[in-house]
Structures are given as structure tokens and as C-alpha cells.
Amino acid sequence: YREHGKIPFGRFCGAGERIACLGGNAVHVWRCGARTLPITLAERGDMRAPEALVRADLDAHGAFAVTASAEGCVRLWEVDGPSSASSVVSRGAHVVCASFDPGGERMAVVRVDGSCEIRSGSLWTSADSRSAPSAVLTCARFSSSGKLVCAGAEDGRLWLFDAESARDPEPLGESRSPVLNVCIDPSDRVLLALHADGTVRGWNLATRTLIDTVTGTRALPATRAASIAAAFTRDGERVAVNFGEAWHTDTFRACDLTLLTRSKSLVLGAVAFAPSGDALVEAAKWAGLIRVTPVGSARPQAESSLGPWFFSDSDLSADGTLLATSWSDPTVFVFDIEQRETVLELSRHTGSVTSIRFSRDAKRLITASKDGTAIVWPVDVYAEAGRRLPGTSEALLRHYRVDVNSLTQAGALPAAAQK
């Protein structure tokens, strides 16, 4: 492991099971024999400047990764293979979605020109392409079952791509306002379309009919699409949506969609529910702030200030316990929703991070950056150790007790121990 090009001090514990390295103002403890180091995915031997990456995703178990560059090159990576080998999947127009379905059986590459390529089979070698005619797509995502790819277009329509067959995509709805984001409930009953004119349209996926339209308080340009987000509770009974403000519903039953204004005090970049559904986790768009607020309350229960940065991307782990966020900075922050605090700071990129995704089992996290690399982080190992990476010496004294064999989480050390 190399941090800033040099390691001034390193030592094995007596049993040889762990090694501790001092780099800068941080102490890193690694378990030997386990794959605990971050894995950098980058093309080697190419003397050209690296292409900035804009999309990245992991399959269900984190064994394969897909990345997309700003120039439209999509690569498939075998994360645990020799030297993390990659192969070019396709080249073309700008990529709005490059992701695996929740079950890890399919991979979709959706481009701004309306094309959608679905890959499946061993190493995703079986490809099936189709296109939405005359559509300029702005966003796309898999349904929870992986059977549909739902895309939004600049002309306000939705397009449904059948991932199980080669049928032509099905258009849905009409609106003159561009679709900035889409969200689907865990049971694939409801599709939410978030439009730039400040409206949210809920669609019944079974009947392909409009449930309801709710108008927000402001219209947002497409350049601020990253600040438009929606999230369902795990049981699909409540939904939170933000257009610069957060909403939640208490009456979401049997596809009955009613959104109630909840807060106007914070311009949001991301919103998610706590696993229990009784609290909202909100990431500020401009302030580098994450806060937890009980549903129905106007007073935050906990806040975590990360710095004066602009929000870039976020992802919620499948179990709903971890929220990873990136800002206008190379560092990625992982917030533990149950502990109500930031538990990991992952810093290895040299350019700002553009995309974050957890694997389905939440054991790995992939980050893509403008520096042209993607990094796969074994977050389960870090979380198990219960430590921040990297941490300052002050944080180590406050949070951890060190002995010759292990680094264990503890309360504040006594004054004598601190000396």
C-alpha cells in the first residue's frame, strides 16, 4: 500500500496477521491474507491522457465492474482477475446509464442517442441492441426485478426497454418538460418520473397508466439533474422526492401516490430512508452536509459536516444501512445511517469523483473519477474493523484503542493513555 509515494514506518504485529503503516497523519491497519487493499481499475501502457470516467457499477457480488468514459467508451472489468483485466464492450454516444441489474444477470448500456444494449450470458458476451426512435435520453435505470430498463427523454416521454426479449421499446406518457431522473419502487409497481418543470409523475407499471401528477415549487435546468432524486422505503409504502426540497408520503398504498411538502430549508443532492423507514437521510447540494431527520419532524436528529463542497453522486447500499456520497473532491464519504455518523473516508483518486455504486451484497463499493480510473473498495472489511480511513491522529485517540495484536473501537482514552 502506498500513500503519497512513501511509507515512513511500517510494522507487523507479533503473530504476523496484521501490518500497521503510518502515512502522513493516518495509521492504516491491514489484515494479511485478506483482500483488503483497494483495487484500481485503469488501462496500463497507454501513453495518452486517460479518459475521464462518468459511470461505474458492480455486479451483485463485486466480481465484475463496468465503466463508461466521457467519450462514450464502455469497458467490462474482471475485478479479481489477473491485473484486473478489461475489455471494450462498445463505443458510441455519451452514456447515460451503464449498470448491472439487481440480480447480476444482465448489464445495460443506455446512450443519449436512444440506443440500449442489454448483455447477458457468461461474461456478458450475448448482446441485444434496440433503440428508441428519435429520442434523446437523459437518464435510465433497471427495475427492481431486472426485467425492465426505464429511461427518460428530453422530450418528456418515458421509454420502457424489455430486458428479457428483443421487442421494440415502449413509449410512456407525454410531457414537454425533460425527464431528469426516474425511480422505481422495490416491488416494480410504481415508476416515478421527475421532470425539469418541477413536476413528479407516478405511473402504474402494471397497467401503464398515470396515477397522479404533483407539482413542485421550482423548475430546474437539466444541468442540475444530480440534485433531483427519489427514494422508496424498503417496503415501498413511502416515497421521498426532492426538487431542491424534500417530500414524504404517509398514504402510499396500492399505487395511490400523494406527496406532501415536508421541508424547504435545505437544497438537497440526495435523499434516502433509514432501514426502519422512520427517518430521512438528506445530503445537501451545496454545503457538504449530511443530516438525519425523523419523518414528520422539522428538526434534524443528527448532522455530519464534510466540508465546503458541491454534491456529485450518491448510492445507498441494498440493506439500507450505508449511504456513500461524493462531492467536488477526490474523497468519498460513507455515512452509517444506523450509527448516524460518517464512518469511512476513502481518498485515493486524484480527480473529483463522478459516480459511486455499491455491489448488491454491499461488500464492495466502486468509484469512478475524472482522473480516468475506477477504484473498487472492500468496504465490508473496513466496516468490520470499525475504523475511518484515513483518520487523523486526533481521531485515533478519540475512537480507537491500540494493542500489539489488534485495533479495536473504544471510547475516549484516559488522559494517561493519551499522554
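Partly exposed here covers relative accessible areas between the buried cut-off, under 20%, and the exposed one, over 50%. Keep that in mind as we walk through this predicted model and its charged pairs.

Side chains of opposite charge can pair when their charged atoms come close. Searching the whole structure turns up eight salt bridges, and three of them are worth a stop.

Start with Asp185 and Arg189, whose closest N and O atoms sit 3.5 Å apart in a salt bridge. How accessible is Arg189? Its relative accessibility is 24%, so Arg189 counts as partly exposed. Asp185, on the other hand, is at 0% and therefore buried.

Next up is Glu164 with Arg106, a salt bridge with 3.6 Å between the closest N and O atoms. This one links distant parts of the chain, 58 residues apart: Glu164 is in the loop between strand 15 (158–162) and strand 16 (170–172), while Arg106 is in the loop between strand 9 (95–100) and strand 10 (107–111).

Strand 16 comes back in the last pair. Arg208 forms a salt bridge with Glu170, and here the closest N and O atoms are 3.4 Å apart. Glu170 belongs to strand 16 and Arg208 to the loop between strand 19 (199–204) and strand 20 (209–215), so this contact ties together parts 38 residues apart in sequence. Both partners are partly exposed: Arg208 has a relative accessible area of 27%, and Glu170 has one of 31%.

Conventions
Residues numbered from 1 in each chain as written. Predicted model: local features only at pLDDT ≥ 70, side-chain atom pairs only at ≥ 80, totals over all residues. Heavy atoms only, no water. Salt bridge = Lys/Arg side-chain N within 4 Å of Asp/Glu carboxyl O. Helix = DSSP H or I, 4+ residues; strand = E, 2+ residues; numbered from the N terminus. Buried < 20%, exposed > 50% of the residue type's maximum accessible area, 1.4 Å probe, protein only.
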